[in-house]
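I opened the model to look up its salt bridges. My notes follow.

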Amino acid sequence: MDRGYLDGCYDLCHSGHFNCIRQASDCVDTLILGPNSDEDILRTKGPTVLNDDERAEILRSLKWGHEVVERTPYDPSVEVLDRFNCQYYIHGDDPVICDGVNINELMKNLGRFKEVRRTTGVSTTDLTGKLLKLIETDEDGGS
């Protein structure tokens, strides 16, 4: 039985996250979901809306993941895969660059990578932008 590891911020979960998780679950027998720690997300992307516990609880409610490991590092590594007894790192078709290294390519060269298709047209960045625009419009009196 093969195990795969899929990490992410998972802040403001949306259909793109769910589609990625669903695809990942089809790649392996056991899917481990690893929401990145608040601390690492703050360091690399900025503050989250939902905290560690809230994001993990959302992931636990999904039918596609088998285990949720909380507070994972933002930078995936072979050591992380081995710690969770996973043969594969699973990610979308967008590159993961950490300290100038393309993690997807590194894992692919080691035979430990499975790719899923990114859902176009939806992202957490787009959602937060829409929310901010709604707030601005409301503050401007609906204009």
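**Salt-bridge notes**

I started with Arg 71, which forms a salt bridge with Glu 70; their closest N and O atoms are 2.7 Å apart. I count a salt bridge when a side-chain nitrogen of Lys or Arg is within 4 Å of a carboxyl oxygen of Asp or Glu. The model is predicted: local features need pLDDT of at least 70, side-chain atom pairs count only at pLDDT 80 or more, and totals for chains, interfaces and linings use all residues. Residues are numbered from 1 along each chain as its sequence is written, and side-chain values use heavy atoms, with hydrogens and water left out.

Next I checked accessibility. Arg 71 is partly exposed at 43% relative accessibility. Buried means under 20% relative accessible area, exposed over 50%, and partly exposed in between (1.4 Å probe, protein chains only). Glu 70 is partly exposed too, at 30%.

Glu 70 also meets Arg 60 in a salt bridge, 2.6 Å from N to O. Arg 60 sits in helix 3 and Glu 70 in the loop between strand 3 (67–68) and helix 4 (78–83), so this pair ties together parts 10 residues apart in sequence. Helices (H or I, at least four residues) and strands (E, at least two) are DSSP runs, numbered from the N terminus. I read 40% for Arg 60, which is partly exposed.

Then I turned to Asp 38 and Arg 55, a salt bridge with closest N and O atoms 2.4 Å apart. Arg 55 is buried at 0%; Asp 38 is partly exposed at 22%.

How many salt bridges does the whole structure hold? My search found 12. One network links Asp 38, Asp 52, Asp 53, Arg 55, Glu 57, Arg 60, Glu 70 and Arg 71.
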